[in-house]
Amino acid sequence: MTQILVVEDEQRVAELLKRGLEECGYLVTVAFDGEMGARLAKAGSYDLVISDVILPKMNGFELARVIRQLNPGMPILMLTALGTTDDKLDGFDAGADDYMVKPFDFRELTARIKVLLKRKQHAAREITTDVLVYADLEMNISTKTVSRAGIQIKLTPKEFNLLEYMLNHPERVLTRTEIAEKVWDTHFDTGTNFIDVYINYLRKKIDRDFDVKLIHTKPGMGFIFTSQP
Ligand code: CA
């Protein structure tokens, strides 16, 4: 269930938001000042924050900054009675994703909420594609870590790049020339022996201790990354 944190000191507006959003199927928590909002944001796992700008104890811009430090991907929608361009820019500087001026149309608000949530989901999906998986081998591009069958494997940067290229092009023959060009960014018409050296380093680390070998030599052609040679 999608959880929304509403930070709004005007009781009437807060209740209107809570009731309306709950009718749309969202789980809503209300904070009546900025500090309470920050506390709840730290403790809970919300999918989106709707915040007023003028709030007791901590204003909405400060709150947005705190939330951004905590969770850079958290969608924040600002609500305010102020509507000048400068206020808008302040809100975006503080990390608000969207901005609505009170009094607002509730249908427009829910439409914007949907857009923000969809954008967040999309971003989350992009993060998960940072992990390349083949058989029991896993490579995390963001953290530069590799594991096989859950066992961490330490690779040098060059070995990592070579394996990344192979993981992105599995089950087809990769020639030495292609590897030299794509991984080393150089053209070696002759003397691609160094690639065999690196392939052997990689084999020792990712294949030697495992029954299923992933890197295979195709004599006279190159290498193939596959669990079913
Ligand atoms: Ca207010």
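This is a predicted model: local features need pLDDT of at least 70, side-chain atom pairs count only at pLDDT 80 or more; totals for chains, interfaces and linings use all residues.
Trainee: What makes Asp-9, Asp-52 and Ile-54 donors of the calcium ion?

Mentor: Happy to walk through that! Their distances run from 2.1 to 2.3 Å, and the cut-off for calcium is 3.2 Å, so they count as donors. Asp-9 and Asp-52 each contribute OD, while Ile-54 contributes O. Along the chain, the spacing reads D-x42-D-x1-I.

Trainee: Why is it said that Asp-9 and Asp-52 tie parts together?

Mentor: Asp-9 sits in the loop between β1 (3-7) and α1 (11-23), and Asp-52 belongs to strand β3 (residues 48-52), so the pair links parts that are 43 residues apart in sequence.

Trainee: Why is Asp-52 called buried, and why is Asp-9 called partly exposed?

Mentor: Buried means under 20% relative accessible area. Asp-52 has 5%, so Asp-52 counts as buried. Partly exposed lies between that limit and the 50% above which a residue is exposed; Asp-9 has 32%, so Asp-9 counts as partly exposed.

Trainee: Now the strands. How do you know that β10 and β12 pair?

Mentor: Pairing requires at least two bridges. Strand β10 (residues 173-174) and strand β12 (residues 222-225) have 2 bridges, in the antiparallel sense. Val-173 stands opposite Ile-224 in β12.

Terms used. Residues are numbered from 1 along each chain as its sequence is written. Side-chain values use heavy atoms; hydrogens and water are left out. Donors are N, O and S atoms within 2.8 Å of the metal (3.2 Å for Na, K and Ca); water is not among the atoms, so sites may look incomplete. Helices (H or I, at least four residues) and strands (E, at least two) are DSSP runs, numbered from the N terminus. Buried means under 20% relative accessible area, exposed over 50%, partly exposed in between (1.4 Å probe, protein chains only).
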